[in-house]
Amino acid sequence: MFKDELLFFVVMLGIFLIILFSIFLYLVMKKKRETKKRDVIEAYKEEYQLPLFHFLREGVEEVEVGRDPFQVRALIELMAGFSQTFASEDILMRIRLFAEDHFDGEIKKHLRHRRWSMRMNGLYWIEDFGMRTMKTELDRVYQSRRLTKQEEIQILKIDIKNGSPDVMKALMHPKHVFTEFEYSLLFQALGPKDFEGLMDVAGELPEVMHHSLIDSIGLRRNPRYAGFLEDKLGLASSEIRIRALKAIVAMEHYLPADTLADHLKAESWQERLMAIKVCEYVRNPELTGLLISLMRDASFYVRSQAAQAIMRLERGQEVLREIAISEEDLYARDMAEQWLERGRIT
């Protein structure tokens with residue numbers, strides 16, 4: 001019995017070692033093929049880098065594109081790099097036309113690939129090159145049952161940049177549930193006209209889109225939307241008020257002292273913090289008393305921001321010295337001393 005068990009163990013061990021060795025050989029051979037393929041692509045890139053550069057600068061095509069997939073891949077990688085480097089409209093147009101003439105087949109193969117990473121590469125290339133001839137193929141991917149959230153976001157970004165008339169409807173009714181961050185990425189890609197269209201329907205947007213819209217206004221820093229943000233400051237939702245204040249800070253939009261005073265007394269420490277940040281560039285001496293009281297706030301961040309706002313006032317250092325000497329609140333004294341040690345800021 002023992003010999004039979006030992007024999008079985010040896011046989012199984014041998015089979016296991018053979019399987020492991022086979023996997024090892026497969027991985028080694030695969031790595032070798034990938035390395036060889038990469039070497040060929042890099043050689044093509046070295047050969048075509050200068051001719052492509054001359055083409056983009058002068059418009060004279062010096063590269064004959066054949067059917068060699070390694071050559072096409074090398075040209076795609078070179079053009080993708082150039083598209084991130086140049087901002088000239090003429091050069092970007094040449095990149096787009098070259099891609100539409102020569103990369104159509106290769107990119108379609110990527111979009112139809114079963115592997116997600118290959119499909120995403122194809123979508124990134126379409127965006128990099130600004131291609132406009134892939135609409136039918138993009139619609140096919142978008143309608144596919146295997147469409148992932150990342151693919152949907154990338155297709156929407158492409159549609160936004162290409163000025164698709166259906167993009168607003170797609171943003172309002174996505175196939176996947178988007179986060180605020182994902183909506184913000186898409187909103188930042190919108191051109192002025194489409195962003196205006198979004199502002200027109202702001203009241204109809206679901207909460208997650210509404211929050212992202214406010215954040216996007218701050219990132220755009222367009223003063224024409226300041227009135228929209230001021231209107232949000234009067235809403236009952238603390239979350240909306242905080243986001244509106246954050247956008248106002250990004251725009252450095254002026255708010256009157258009485259409006260700021262209301263937010264400096266807010267229940268939410270995040271709202272008080274954002275209001276103090278507005279005070280930093282408004283620098284209204286009427287708010288000094290409220291800022292001094294906020295040096296005693298329960299939140300460390302509020303105390304620190306209040307001290308920084310006071311330091312920016314004309315007599316800020318004097319006020320902080322007085323707090324450091326005579327203030328009964330230990331935390332306020334410590335914060336004043338810390339900012340006095342840092343010195344005056346502009």
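**Surface**

The protein chain exposes about 20200 Å². Carbon and sulfur atoms supply 55% of that area. I noted that this is a predicted model, and each value here is computed from it.

**Burial**

Next I looked up how much of the chain is covered. I found that 42% of the 346 residues count as buried. Buried here means under 20% relative accessible area.

**Helices and strands**

I then checked the secondary structure. The protein chain has 19 helices. I found 0 strands.

**Overall shape**

How does the radius of gyration of the protein chain stand against that of a compact globule? A compact globule of 346 residues would come near 20 Å. The protein chain has 30 Å. I also looked up the extent of the C-alpha trace. Along its principal axes it spans about 85 × 75 × 40 Å.

**Contacts**

I turned to contacts between residues at least 6 apart in sequence. Of these, 63% join residues at least 24 apart.

**Cavity**

Last, I searched the inside. How many cavities of 30 Å³ or more does the count give? I got 1 cavity. The largest cavity has a volume of about 50 Å³.

Which residues line the largest cavity? I wrote down Leu111, Arg119, Arg140, Val141, Ser144, Arg146, Leu147 and Glu151. I sorted this lining by residue type: 3 are nonpolar, 1 is polar and 4 are charged. Leu111, Val141 and Leu147 go in the nonpolar group, because Leu and Val count as nonpolar. Ser144 is the polar one. Arg119, Arg140, Arg146 and Glu151 are charged, because Arg and Glu count as charged.

Definitions and conventions
Residues numbered from 1 in each chain as written. Predicted model: local features only at pLDDT ≥ 70, side-chain atom pairs only at ≥ 80, totals over all residues. Heavy atoms only, no water. 1 Å grid on protein atoms, 1.4 Å probe; cavity = no way out; pocket = protein on both sides within 12 Å on 5 of 7 lines; lining within 4 Å. Points joined across faces, edges and corners; volume = space filled by probe spheres on them. Helix = DSSP H or I, 4+ residues; strand = E, 2+ residues; numbered from the N terminus. Rg over C-alpha atoms; globule rule 2.2 N^0.38 Å. Buried < 20%, exposed > 50% of the residue type's maximum accessible area, 1.4 Å probe, protein only. Contact = heavy atoms within 4.5 Å. Areas by Shrake-Rupley, 256 points an atom, 1.4 Å probe, with all protein chains shown as cover.
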